[in-house]
Amino acid sequence: MPTSRKPVEVGARRRAAPIETLASLPLFFPLQGRRIVVAGGTDAACWKAELLAASGAQVHVYAENLTPAFQDLIASGTDGRHYTHHARPWSADCLQGAALAVADAASDGEARAFHCAAGAAGVPVNVIDNPPYCQFQFGSIVNRSPVVIGISTSGVAPILGQAIRRRIETLLPASLQDWAKLAGRVRQRVMTSLSAGLERRRFWESFTDLAFSGQAAPEEDRARDLLPRIEAGSGSAGGRVTLVGAGPGDAEYLTLQAVRALQGADVILFDDLVDDAVLELARREAKRMLVGKRGGRESCRQEDINDLMVSLARRGKNVVRLKSGDPMIFGRAGEELERLRQEGIPASVVPGITAASAMAAALGISLTHRDHAQSVRFVTGHPRNGDLRDTVDWKGLTDPATTTVFYMAGRMAARISERLIREGRHPDTPVRVMTNISRSDAVSWAGPLAGLGEGVDGLRTAGPVLIAVGEVLAERSMAAAEGACDSGTSDDQPATAFG
């Protein structure tokens, strides 16, 4: 029998990783009213001048001639944007007292001279598209001001930086700008009416949920009605618990809602099977506690986990119970939710990608197929009292039009094979076995139902084993599926190989 262990706060193995080396330090530099020098009248210099003026700077342009676009920009200097054109080349004296200096130099000699002059004046310098003479870089920008996101590739891959910007743009609602401005207007009220720490953080978490809901930010008069309701919901002394599905292993399979839950957690209670890469998406300040439950090994008792969730929530903590796969499939989530309901503790569930779905995606097969299977069954392969569970409808699992997926079935593989064959399933029924799905050490085995026991033994793995049985796994079906996958492969679709 497996021994019991208490939940423990994790040690170095699961502690937040140290910050990795940075190619440059991202800083946000207020320029309101500051004097900036831009040397050159080109379109490239024009773009930098517009960017700097949008930040509130007083932009002084030194160039004998300006491109038409630059002339139009200076002529349209409105909305608080200030440009001053000096119709002469730059000189060392024009750099005195400037906050920043930017130049579009016509040659390396001019770039070197501008760089040296700015250095002598103590002014940070950027020579456009000439990295050796740049003390700072302009990155790609996502503008939801006052929310501003800068993206830098340190000059080595600007197109990549632009692509990243486009991806982020699609994730942020346009209304975020208005919500951020509203946050600035109510900040002082929050500081005076709510206690530092938990109360304020909960207020801002609720505020942020509204900001990302897609609804428009309220006008100032309506905001007065909205904010007390947020305060009332945020000021409660009680905590809450969120059951979060971590998926089969790869952190890329996490949902956006799961990531938000991890980033708002005070404490994370996680299973043995949860990958470190998933935990790295959580708040660095969150306490992480291993409450591993593994068949046949030293494990935490379910009762101890339930007690810990209740205790932490009653202390006002935002608890995330992080489970491998989907918490509602063989994760004992029902027991945890029932205990939390009995204790009157708010609880919610964030679903995850279950292992069967990840297996089907990795193998390029469909668990249902109009020619082979019209239903799917998920069955626990975890033994009860050392043997297969009699409560399972074994006769029903012999239906050739059903795909059956057994979870946690490694130790019972041979008995599952024997039982299905005894009940009437054909010994040549196709079977696919996988372990460590979506991880770099994933392995699989394919063969007939009669050889299932030997196939699993040959994997020699300590990881969780998933067994799929059904006609959809026949070689002809898999070949068709693989052909379809090959024809639709793109750079965004990772190839998967298994031993």
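Which elements make a right-handed β-α-β unit? In this predicted model, strand S6, helix H3 (residues 108-121) and strand S7 make that unit; a crossover is called right-handed if, with the strands pointing away from the viewer, the path from the first strand over the helix to the second runs clockwise. Helices (H or I, at least four residues) and strands (E, at least two) are DSSP runs, numbered from the N terminus.

Residues are numbered from 1 along each chain as its sequence is written. Because the model is predicted, local features need pLDDT of at least 70 and side-chain atom pairs count only at pLDDT 80 or more, whereas totals for chains, interfaces and linings use all residues; side-chain values use heavy atoms, with hydrogens and water left out.

The secondary structure of the protein comes to 15 helices and 20 strands. The mean pLDDT, which is the predictor's confidence in each residue on a scale from 0 to 100, is 84 for the protein, and 85% of the residues reach 70 or more. Confidence is highest in strand S3 (residues 35-39), at a mean of 98, and lowest in helix H15 (residues 475-487), at 42. Over residues 476-499 the pLDDT stays under 50, and for this stretch the model has 25 contacts beyond four places in sequence, a contact being heavy atoms within 4.5 Å. Of the contacts in the protein with a separation of 6 or more, 69% are between residues 24 or more positions apart. Buried residues make up 43% of the 499 residues; buried means under 20% relative accessible area, exposed over 50%, and partly exposed in between (1.4 Å probe, protein chains only).

The surroundings of S6 (residues 100-103) can now be described. Both faces of this strand are covered: Leu100 and Val102 on one side are buried, as are Ala101 and Ala103 on the other. S6 pairs in the parallel sense with S3 over four bridges, and Ala39 stands opposite Ala103. S6 also pairs in the parallel sense with S7 (residues 125-127), over three bridges, and here Val102 stands opposite Asn126. Two strands are taken to pair if DSSP finds at least two bridges between them.

Beyond S7, two backbone features stand out in the loops. Most residues other than glycine have a negative phi, and most peptide bonds are trans. Asp129, in the loop between S7 and S8, has a positive phi near 60°. This residue is exposed, with a relative accessible area of 78%. In the loop between strand S8 (140-144) and strand S9 (147-151) lies Pro146, and the peptide bond from Ser145 to Pro146 is cis, with omega near 15°.

Helix H6 (residues 198-211) has 14 residues and reaches 20 Å from its first C-alpha to its last, close to the 20 Å expected; the expected span is 1.5 Å times one less than the number of residues. Its buried residues are Arg200, Arg202, Phe203, Glu205, Phe207 and Ala211. In helix H12 (residues 355-363), Ala355, Ala356, Ala358, Met359, Ala360 and Leu363 are buried. H12 is followed by Gly364, whose phi is positive, near 70°.

Five strands form an open sheet of mixed pairing, in the order S16-S17-S20-S18-S19. Strand S16 (375-380) and strand S19 (443-448) stand at the edges with a single partner strand each, so one side of each is left without a neighbour in the sheet. Direction ignored, neighbouring strands of this sheet are turned by 15° against each other on average. Axes are lines fitted to C-alpha atoms, for helices over the stretch in contact, and angles run from 0 to 180 degrees between N-to-C directions. Helix H14 (residues 452-459) lies across strand S18 (430-435), S19 and S20, running at about 160° to S19.

Within this sheet, strand S17 (residues 402-407) and strand S20 (residues 465-469) pair in the antiparallel sense over three bridges, with Ile467 in S20 as the bridge partner of Phe406. Thr404 also has its place in S17 and, at 1% relative accessibility, counts as buried. Leaving aside neighbours within four places in sequence, Thr404 is in contact with Arg377, Val379, Leu397, Arg425, Ile467, Ala468 and Val469. Met408 is found in the loop between S17 and helix H13 (413-423). The phi of Met408 is positive, near 50°, and this residue is partly exposed, with a relative accessible area of 38%.
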